[in-house]
Amino acid sequence: MNGQAGRANAGKSANDFYVQQWARLGIGYDLSRDVNFYMEIIDSAVWGGNGNPVNAGNGGDPLNHNCGPNVATPGAGAGSAGACRLGVRAAYVLVRNLAGVQGLSMKAGRQYVIFGNHSLFGHFDWANTGYSHDGVMFQYDTKTLTSWLGWLRNSETDLAQAAPVGSSGPNIVATGNADASADADLFLFYNQIKSVPGFLIEPYYALYINGIPESSNAAQGLGTPKRSSQKRHMIGNRTEMRKGNWDFINETAWQFGRMGDGIGTDNNQNVHINAWATRNWLGYTWYEHRWKPRVAIGFDYASGDGNANCSVGATAQAGYACRTANTFENFFPTNYLHAGYMLNHSWRNQIQPQVNVEARPSARDHVEIWAQRHYLANARDNWYRGAQGVLVFSRSNNTSNHLGDEVDVAWTHMFADGKVSAVTTWGHFFAGEYIGRNLGTSSNQTWGMVQLWMNF
């Protein structure tokens, strides 16, 4: 189902197995009553991923634990460039009651950015590394209103990382020479209104400006995640209601602006952005029952664009005009909370009705059954995976939008007063007609995972 080429085990009988691990160490220190410093180091690894499979006796030895050689270059030595395990997940200073204003705080440095239920901005902790952002975030908090105002720099091209004495040099290879305008910035203004009993109302505005040359990040067409050469505005609102046994969530966002078409290098933002999405859940919990069962139904929608591939491959060579960019941008979400645990979808070109059943058979156990139907909002736009990149490019004449159906079962058991938890998750994907029509072959997919979480 994955459509990968060049693999001996690709196709109906393809199987894979691997082990991932990560460890995080957070250190906090209160410089004063209102000033706090926090730093979090992360070691992220795939077992066996630090060696070179071609030259296992030199450069692939287990002695090399921190930085592995570039496995994309067969025979590369131990000194070649490669991925490193150790990194900094967070490093910031938090100042409360800034300038003597009660309730006003500032957080500056590398930090988590989490809003709502992670639909657009989350930590994505289920991934081996997750999201964190470099920037500054102001927060003003009262009993009835909390507001956040932040500037986050996602890409800086003028300085190489840790360049000594500020030496100028391009940080991102594709940008060429250092360019003051070739950066990516995210501005956020998020609010939480708490004055209505039983409701949280969260209006927000975001502005994403990416000045990196349009051909640098455009390989997947107009739906390329965080695509270069664009100015994207987003206006949205999230409303959450909890009254009695009922709970309800609605989040709706509209995006507009301009983007480069990715053809050539003129950086002329000649494509109009017009995209929107909505996420909805309605649930009922029997709190009176010992197991606390909950049943919920949901419906997600995110717009697509029938001409999203106008700048890709043969389509671009044929001179197709790129006029609109209607594929919704999912930004930085924790997608497994919404797209299903198999992460076969994201909040992009999506229609997803779903049902969820949860229960707590004991104080230490949580059981969940989750079923979704996956459709494309636009059959000629692509199928985007949970990481938001293209999973399958749709054919130009595709008319099928049923990707398939997914069923997930998850069981969590807590140990050691909640400090240790074991999670077992199983998922099965029933392939829809879209897969066979666009890949030429079709098969179901089964997926399983065992996790052990320790917090201390």
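Glu329 is buried, with a relative accessible area of 1%, where buried means under 20% relative accessible area, exposed over 50% and partly exposed in between, computed with a 1.4 Å probe on protein chains only. Glu329 forms a salt bridge with Lys226, the closest N and O atoms being 3.3 Å apart; a salt bridge here is a side-chain nitrogen of Lys or Arg within 4 Å of a carboxyl oxygen of Asp or Glu. Lys226 is also buried, at a relative accessible area of 16%. This is a predicted model, in which local features need pLDDT of at least 70 and side-chain atom pairs count only at pLDDT 80 or more, whereas totals for chains, interfaces and linings use all residues. Residues are numbered from 1 along each chain as its sequence is written, and side-chain values use heavy atoms, with hydrogens and water left out.

- Across the whole structure, a search finds 17 salt bridges.
- Arg279 and Asp300 meet through their side chains in a salt bridge (3.1 Å, N to O), and because Arg279 lies in strand E11 and Asp300 in strand E12, the pair ties together parts that are 21 residues apart in sequence.
- Both Arg279 and Asp300 are buried.
- Arg110 and Asp134 form a salt bridge as well (2.7 Å, N to O), linking strand E4 (residues 104-111) with strand E5 (residues 133-141).
- Arg110 counts as partly exposed at 28% relative accessibility, and Asp134 counts as partly exposed at 31%.
- A network of salt bridges links Arg153, Glu156, Asp183 and Asp185.

**Disulfide**

- The structure holds one disulfide, a term that stands for a pair of cysteine sulfur atoms within 2.5 Å, and it joins Cys310 to Cys322 with an S to S distance of 1.9 Å.
- Cys310 lies in the loop between strand E12 (294-302) and helix H1 (313-317), and Cys322 in the loop between H1 and strand E13 (324-325), so the pair ties together parts that are twelve residues apart in sequence.
- The torsion about the S-S bond is about 125 degrees, so the disulfide is right-handed, and both Cys310 and Cys322 are buried.

**Strand pairing**

- Strand E15 (residues 365-375) pairs with strand E18 (residues 402-415) in the antiparallel sense over eleven bridges, two strands being paired if DSSP finds at least two bridges between them.
- Within this pairing, His366 has Thr412 of E18 as its bridge partner.
- E18 is also joined by twelve bridges to strand E19 (residues 420-431), again running antiparallel, and His413 stands opposite Ala422 in E19.
- E18 and E19 form a hairpin with four residues between them, and Ala416 in the turn has a positive phi of about 50 degrees.

**Glu358 and its surroundings**

- Glu358 lies in strand E14 and is partly exposed, with a relative accessible area of 22%.
- The C-alpha atoms of Glu358 and Glu368, ten residues apart along the chain, are separated by 4.4 Å.

Methods
Helix = DSSP H or I, 4+ residues; strand = E, 2+ residues; numbered from the N terminus.
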